[in-house]
Amino acid sequence: MTSAREDLSFNDDEEIEKIVRIAHAMREMGAKISSGEIEKAIRLYRTARMLTHYNYFPLSKVLLSVFAKRQEDVEKLEKVLRGSPYKRKIEEQKKEAPHEKRERKERRKTTERRRTEGYELTWKDMEKMSFKKLKRMKLDTIENFEKLNIYRKIEMLRNYYRTGNEAYLELLKDHIARASQKRKGSYESEEGRSLGNRYSFIERTIGKLAYNPELPWALSVLSREMGEEFTADVIKYLIMKGKRSLAEQIAYSMMNSARQKSERGRKIRSVQRKSRFDVRRTVYLTMRNNYPVPVYIGRIRKKEAVLLIDKSDSMRKHYGKAVALVASLYDTLKRIYLFDEDVKQISMKKWHSKLHLIEEIIAAGTSGYTNISRALRKVEAALKPGDNLIIVSDMEQTVADESYVHVINRLRRKNIKIFVYTTEKHVNELKEVLDAEVQAYL
Amino acid sequence: MTEKMEEESIETQDSIVEKVYEIYDKAYERMPSVRNPREAARVLREKYKLLVDEDVITLVFSSFIEGFPVLFEGPPGTGKTEIGEALLTLWAGRRAFVLPCSENYDEYRVIGDFHPLRAYKEGFNENSFVPRPLLASLILDSGILIDEIRRSSEEFQNLLLDIIDKRRIIIPELKKVYRATGEGFQIIFTSNPEDLAQNELSDAFMRRVVRITFGYPTLNKELEILKLRLGRAVDLYDEDTVLAALRAIEEIRKTDLLYRPGVADSVRWMGISARIAQLRNHEKVRSEDLIDGAKATLVKRPEEESIIMEIVKMHLERRV
């Protein structure tokens, strides 16, 4: 049986080339297709053909199953399979390939020539140059590095004289100090460790910690570097980053805790623990959200609010406020929906920053009619008793449907707390129409 | 005979394996395995009363051979769960496990946890360990269908990714590793991407699975499914009546109602309407029987009743 199957002609190379070409065309259109997925498609196609009686299986079905992860991928795949301009593009690319190869070779030759012939950097070259670029252009000689260093220092000095801004002078001092420190030795070695470098190292480690508070190596480095001074260093770091009020809060809490520890007995310490700062989490959330988020031990806020934002045309004036609201409520939000006549859910992943979310909401833009009732009905399925629903809308329904007051009351009967953020014009109206528990804000 | 001997030898090896056989073996009994797509399509049609495209079966079985898990995506009522369960059963030769997901699922609920009282008395050991479906399916070498995967948390999905990749489950508390012994242990996920109240699937997850989409069938195919599912009750219908009812269903699916009927709903509607007609001593199913049946089966939300009934009545009247 197997030998018979093996006998059936299966031109591997041709099929593989076809699948790879389609994958590349889709990649060009923005689809994320990994090499693993290409391999998966090839293997699956081969097996599917072997399983069928006539040694034939439609390739499109395999590609649809492997390459199309979302609806937009399906459209891209269909375009490629239809032999759209992309097919032509692939053909053209194929033809152009040798030419490109030749160009690339020439480019490489010139860079090599530069290097071997001792190409000299001019003052004008320096303007657009960086250390990375030097490396990339294969001009990474010690002489060129020094030249670039000197150029940068002179630029700082020139900027100081031009603008009179003392920060440039500070920058220059720091630059010179760092250079001298480097000559002395690494900041990680005992001799070479200066206060400035130690803080820059701590800053970088805290920076890492700010993106993942449980990062093991960062934690171990911090504990090794600072021992019990962690909180003090965090305070200094926060001040440096302009989060003075939060730093003061932490310092005040630490002072209080230290005083109480010395004054009172052990029993009270456990009670005090609850009002103490979780310094690590505080730094994490502050860095991530770029605004102060104090977190106390044993008091982590749960994400339990669902936000429904009106993105219809009538919200054009107020959309900025809606975005600001998202920013301020970010920590408590479980899900976000945008609606006009239809409802769209905004993806909220753990690794998405606040900025990403805001960018996505702004990108959605304001357009379409308003159908609040429909949006509420759709979101209803996602709500559980005890959830909080925040509606940001001008509450002007422009599509004929049942009254949203009925839907809101129905949601309230399900024990869902509703908060309405609306325009000044409608606040009083809403307070009259809706139940007392429904709150309307400006 | 040899199978029995194998089982016996396994049982003597490990107390957890023994426990799995004790708990799950009877509930998920052995069946003849079918791994030929054409034969499987026939068995699905005759035994399970499911009309499945042979290409879909071929793709699923190819994925199993290559060791890729499968994701069935589509709107509710298109037979994803039923087809998935049947395919896994046919492939493994043992009734498949079905795990309906929820947000608070974790490894303790799917792999196994410790009986609290026993653990208190005897400690966290093999005696107090209770194996759960995922571990059981791996040990029994049977398929597992993880239903509505989008409802589960990200942590749970990541846990599954590891098991899918390595085809093994680690129980750190017992310092034990269980590996899939045969080809029978396969996973099918189902999900409805249109549902709003759920999480998204990560790119890492989507990269690992073979995605097969299900949609609503064409009119002719749905008619064929009805005939297959209803059996003799089809005789109570005129062909015009069935077609009118199916057109009504088709139109309801095009609206933006929250609950749109699937194939399962149309089968249920026709079945119940036929029963109503029988109880009323009607020779053939009449419009009023279908309307009463529609009220009972198609209307899931009171606010949508008027729209649904209007569409149904319109199509049934047009037939007259």
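Buried here means under 20% relative accessible area, exposed over 50% and partly exposed in between, with a 1.4 Å probe and protein chains only. The structure is a predicted model, in which local features need pLDDT of at least 70 and side-chain atom pairs count only at pLDDT 80 or more, while totals for chains, interfaces and linings use all residues. Residues are numbered from 1 along each chain as its sequence is written, chains are lettered from A and ligands numbered from 1 in the order in which they are written, and side-chain values use heavy atoms, with hydrogens and water left out.

Chain A comes to 21 helices and six strands, where helices (H or I, at least four residues) and strands (E, at least two) are DSSP runs numbered from the N terminus. Of its 442 residues, 40% count as buried. A contact is a case of heavy atoms within 4.5 Å; among the contacts in chain A with a separation of 6 or more, 61% come from residues 24 or more positions apart. The accessible surface of chain A is about 27,300 Å², with 52% of that belonging to carbon and sulfur atoms (Shrake-Rupley method, 1.4 Å probe; for residues, only the protein chains shown count as cover).

One residue worth a look in chain A is Asn371(A), which sits in the loop between helix 18 (354–364) and helix 19 (372–380). Its relative accessibility is 5%, so Asn371(A) counts as buried. The side chain of Asn371(A) makes a polar contact of 3.2 Å with the side chain of Gln397(A); such a contact is a pair of N or O atoms within 3.5 Å, where within protein one must be able to donate a hydrogen and the other to accept it, and residues adjacent in sequence count only if both atoms are side-chain atoms. A polar atom of the Asn371(A) side chain also lies 3.2 Å from the backbone nitrogen of Arg374(A). Leaving out residues up to four places away in sequence, Asn371(A) touches Phe339(A), Asp340(A), Glu341(A), Gln397(A), Val399(A) and Asp401(A).

Over all chains there are twelve aromatic pairs, counted when rings of Phe, Tyr and Trp (its six-membered ring) have centres within 6.5 Å; planes under 30 degrees apart are stacked, over 60 edge-to-face and the rest tilted. Tyr105(B) and Phe156(B) have ring centres 5.9 Å apart and planes at 90°, so this pair is edge-to-face. The pair links distant parts of the chain, 51 residues apart: Tyr105(B) is in the loop between strand 2 (97–100) and helix 6 (107–110), and Phe156(B) is in helix 9 (residues 154–166) of chain B. Phe156(B) is buried, with a relative accessible area of 2%. Elsewhere, Tyr24(B), Tyr28(B) and Phe97(B) form one aromatic cluster.

Charges also sit over rings, by the test that NZ of Lys or CZ of Arg is within 6 Å of the ring centre and within 35 degrees of the ring normal. Arg35(B) lies over the face of Trp91(B) at 4.2 Å from the ring centre, and Lys40(A) lies over the face of Phe68(B) at 5.4 Å.

Lys175(B), although not a glycine, has a positive phi of about 55°; Lys175(B) is in the loop between strand 6 (168–171) and strand 7 (176–179) and is exposed, with a relative accessible area of 78%. Asp141(B), also not a glycine, has a positive phi of about 60° and is found between helix 8 (133–140) and strand 5 (144–147).
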